[in-house]
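User: Could you walk me through the charged pairs here, and then the helix packing?

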Amino acid sequence: MAGRSSPNQLTKPVGSITRGTTGVNRLRRSDRWLVHDELVAGRLRAAADPLVVDLGYGASPWTTLELAGRLRTVRPDVRVVGLEIDPQRVVPGRDGVSFARGGFELAGLQPVLVRAFNVLRQYPESAVPEAWSTILSGLAPDGLLVDGTCDELGRRCAWVLLDRSGPRSLTLAWDPFTVDQPSDIAERLPKALIHRNIPGEPIHALLTAADRAWARAAPLAPFGPRIRWRATAESLRREGFPLRAYRRRMRDCVLSVPWDIVAPNLEPARAD
């Protein structure tokens, strides 16, 4: 059947071996977002072949297996393939998930969704455009890429959502009870932005405004950080920042904006 492709083990993997750090439930915040995001879920439901690639899953496949389980709530017949450039990390398939060797070229697959978390963080910023281009060129026509970063316990996360035309949005998500202010997420910004958190850059302006709005919402602190964050987000919207509004009640604090709000200036960032 057309589209029912398997990993091409003759394809030379593109990329470098990562440190491979991973952990159970580390990517839960981004997984929750993927399952509930209308665009992502809609593309997955509409796909003729619901193929998803977890790129660079690390030294153990826990987060790939978790991704498959969560995406099955959206599309029960989803096919998930974990790709690792290090052949020593490729493990036998289990629980309906397969694993193979591959890199940015996606082992010749054409997935509707690629998740690449904590992969590009270990590359220089200058390598990001080419890596994005390579991955995007391998997607299914309506495919999406999630390029993200998180801390070791998954309490602070940030990711860029892209389609074949380029970046669409930036989302920050964090544990309400372990982050003192929104700008604390800056250390986990994706590689395309992490060196841009300096005066004069749009991402710095957004995080600075978020901290100011958070400080103004301090009287709501006794009601908990989620209530305080909702007030902070509303304050940012009144200032003109087009933060996405979520209809469902969120267990995480989530800040999501269109990419053009945070797109880096054209001048080179500081050295990596």
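Analyst: A salt bridge here is a side-chain nitrogen of Lys or Arg within 4 Å of a carboxyl oxygen of Asp or Glu. The model is predicted, so local features need pLDDT of at least 70 and side-chain atom pairs pLDDT 80 or more, while totals for chains, interfaces and linings use all residues. Residues are numbered from 1 along each chain as its sequence is written, and side-chain values use heavy atoms, with hydrogens and water left out.

User: How many salt bridges does the structure hold?

Analyst: There are 19 salt bridges, and one of them joins the side chains of E239 and R216 at 2.7 Å, N to O.

User: Where do E239 and R216 sit?

Analyst: E239 is in the loop between α7 (225-238) and β8 (253-258), whereas R216 belongs to helix α6 (residues 202-216), 23 residues apart; helices (H or I, at least four residues) and strands (E, at least two) are DSSP runs, numbered from the N terminus.

User: And D54 with R115, buried or exposed?

Analyst: D54 is buried at 2% relative accessible area, and R115 is buried at 0%, where buried means under 20%, exposed over 50% and partly exposed in between (1.4 Å probe, protein chains only). Their side chains form a salt bridge of 2.9 Å, N to O.

User: Switching topic, at what angle do α1 and α2 pack?

Analyst: Helix α1 (residues 28-36) and helix α2 (residues 38-46) pack at about 65 degrees with axes 5 Å apart, the axes being lines fitted to C-alpha atoms, for helices over the stretch in contact, and angles running from 0 to 180 degrees between N-to-C directions.
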